[in-house]
Amino acid sequence: MPRPRAFDERQVLERAREQFWATGYAGTRMDDIARATGLGKGSLYGAFGDKAKLFHRVFGDWCTAVVEVAEARLAGGPDAEAMARLSDYVRLMAENTASDTERRGCLLAKGAAELGQCDPTVAGQSAETMTALLTLLRTEISAAQRHGDIDSDADPERLAALLLTVVRGIEAVGKAGLAPETVRDIADTALAVLPRPGGQNRLAAGRGPARED
């Protein structure tokens, strides 16, 4: 009978994630993971496989968490509240970036940038995550259109892609050193320029974007 594992798998994965997040895939050795987790390399290989398999596990868990955060804000509900749900999500992403004083960014973006062209697993997980986020945003935009908060003639797929690009781009410019207040303003502006019925938007109508304090 195999011996039970004498370690907390979730804790080990969290510490491995922190190491990959800090030093990147190429800059991380299994010796680094062993030191961070307190496990011998033999135990790591036995439990998770080689470095690539361990990273895939960590990266996959991260991608799942990214979608779960979005689902918690964009979970559907009354059409009358769809615009509020969209605003809550976009501003939450901006706030997460603004408060990231270490400028570590998102492991999804870092992993995709480093390995997306050479690792099919990372590329596939990244694409699935982006598709899931796009679907959630599109669903809420359609709901806001039904309620009359967004122009019904606008293409919800294109607007969803725009907001997704803003959300993911905010992290990139924040990591590069853009001021937190500017990061927050980007989110507000993206929401303000969504097309309103009658060809109006909040900026064009002379009303600055409302911020939820």
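**Entry 1: order of the elements**

I read the elements of the protein chain from the N terminus on, and they run α-α-α-α-α-α-α-α-α. I noted nine helices and zero strands; both are DSSP runs numbered from the N terminus, with at least four residues (H or I) for a helix and at least two (E) for a strand. My reminder on reading this: it is a predicted model, where local features need pLDDT of at least 70, side-chain atom pairs count only at pLDDT 80 or more, and totals for chains, interfaces and linings use all residues. Residues are numbered from 1 along each chain as its sequence is written, and side-chain values use heavy atoms, with hydrogens and water left out.

**Entry 2: the whole chain**

I looked up the extent of the C-alpha trace, which spans about 70 × 40 × 30 Å along its principal axes. Of the 213 residues, 41% count as buried (under 20% relative accessible area, with exposed over 50% and partly exposed in between, using a 1.4 Å probe on protein chains only).

**Entry 3: helix H9**

I went to H9, residues 180–192, and found Asp185 there. Is Asp185 buried, exposed or partly exposed? Asp185 is partly exposed, because its relative accessible area is 34%. I also checked Asp185 against Val90: they are 95 residues apart in sequence and 11 Å apart in space, C-alpha to C-alpha.

The buried residues of H9 are Val183, Ala187, Asp188, Ala190, Leu191 and Ala192. They pack against helix H5 (82–98) and helix H8 (156–175).

**Entry 4: H4 against H5**

I followed H5 to its meeting with H4 (residues 51–73), where the axes come within 8 Å and cross at roughly 145°. These axes are lines fitted to C-alpha atoms, for helices over the stretch in contact, and angles run from 0 to 180 degrees between N-to-C directions. Val69, Ala70 and Arg73 in H4 meet Arg85, Asp88, Tyr89, Leu92 and Met93 in H5, a contact being heavy atoms within 4.5 Å.

**Entry 5: Gln145**

I found Gln145 in helix H7, residues 120–147. Gln145 counts as buried because its relative accessible area is 12%. What does its side chain reach at 2.8 Å? The side chain of Gln145 reaches the backbone oxygen of Asp151. Leaving aside neighbours within four places in sequence, I listed its contacts as Ile150, Asp151, Ser152, Ala154 and Pro156.

**Entry 6: Leu54**

Last, I looked up Leu54, which touches Leu13, Ala16, Phe20, Met30, Ile33 and Phe48, not counting residues up to four places away in sequence.

Key
Polar contact = N/O pair within 3.5 Å; in protein donor to acceptor, adjacent residues only side chain to side chain.
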